[in-house]
Amino acid sequence: MTQFIKPAIGVIALAILAVLIFNVVQTKQGLPEQTFTDLDGKTHSFEVFKGKPLLVIFWATDCPACVQELPELKAVYKEYAPKGLGVVSIALAHDKPEHLLAMRLEKQIPYLISWDKTGELADAFNNVRVTPTHFLYSADGDVVMRKIGSVSKEMLSEKLSSMGL
């Protein structure tokens, strides 16, 4: 029995080490140096957001959780954009521009929306494939939060408050 305990402890220790290394790498990865085009055809660069906090949301119009969290995200934007928070939502490649435009109008989405037609942005953000996926960056460009699944205003407000907003 003890012949199995030592290897099991070793495997567990390696797994814990791997998770810790993954988390450190994830949080140390800075904001990608990418440009993107919004739904109105304007080109933006993530460089513009350096020096201020940024929330990046990967989503889709056919994602129930994405649509459900829109009021929470709009409330966060309304409260924190005047304090310096940037918000960019990126629709995955399978979405359609006409659906995005209709959703923006119907739900009155106030922040930037981009369509990742080629998947280049999803790749730049560590191969995002699940919606919704959120990245919250500090003013220094470090990942403060990476969350797969819905967020609430309360959760984001807590993170933003801890960042000084």
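1. Let me start with Glu-79, which is partly exposed because its relative accessible area is 31%. Glu-79 forms a salt bridge with Lys-153, and the closest N and O atoms are 2.5 Å apart. This pair ties together distant parts of the chain: Glu-79 belongs to helix H3 (residues 70-80) and Lys-153 to helix H6 (residues 153-162), 74 residues apart. Lys-153 has 25% relative accessibility, so this residue counts as partly exposed too. Glu-79, Lys-83 and Lys-153 are linked in a network of salt bridges.

2. Please keep in mind that this is a predicted model. The mean pLDDT of the protein is 88, with 82% of its residues at 70 or more. Residues 13-28 are the stretch to watch: the pLDDT there is below 50, and the stretch has seven contacts in the model beyond near neighbours in sequence. Where pLDDT is low, the predicted coordinates should not be read in detail.

3. How many salt bridges does the structure hold? There are six salt bridges, including one between Lys-50 and Glu-47, with the closest N and O atoms 3.4 Å apart. Lys-50 is partly exposed at 43% relative accessibility, and Glu-47 is partly exposed at 39%. Another joins the side chains of Arg-129 and Asp-123 at 2.8 Å, N to O. Here Arg-129 is exposed, with a relative accessible area of 52%, while Asp-123 at 45% counts as partly exposed.

4. Now to the disulfide count, which comes to one. Cys-63 and Cys-66 form the bond, with their sulfur atoms 2.4 Å apart. The torsion about the S-S bond is about 75°, so the disulfide is right-handed. Both Cys-63 and Cys-66 are buried.

5. On the strands: S4 (residues 86-91) and S5 (residues 112-115) pair in the parallel sense over four bridges. Ser-89 has Ile-113 in S5 as its bridge partner. Between S4 and S5 the chain passes through helix H4 (residues 97-107), giving a right-handed β-α-β crossover.

6. Is Ile-57 buried or exposed? Ile-57 lies in strand S3 (residues 54-59), and it counts as buried because its relative accessibility is 2%, under the 20% cut-off. Leaving aside neighbours within four places in sequence, the contacts of Ile-57 include Glu-69, Leu-73, Val-87, Val-88, Tyr-111 and His-134. The C-alpha atoms of Ile-57 and Val-88 are separated by 6.3 Å, although the two residues are 31 residues apart along the chain.

Definitions and conventions
Residues numbered from 1 in each chain as written. Predicted model: local features only at pLDDT ≥ 70, side-chain atom pairs only at ≥ 80, totals over all residues. Heavy atoms only, no water. pLDDT = per-residue confidence, 0-100. Contact = heavy atoms within 4.5 Å. Pairing = 2+ DSSP bridges. Helix = DSSP H or I, 4+ residues; strand = E, 2+ residues; numbered from the N terminus. Right-handed = clockwise from strand over helix to strand, strands pointing away. Buried < 20%, exposed > 50% of the residue type's maximum accessible area, 1.4 Å probe, protein only. Disulfide = S-S within 2.5 Å. Salt bridge = Lys/Arg side-chain N within 4 Å of Asp/Glu carboxyl O.
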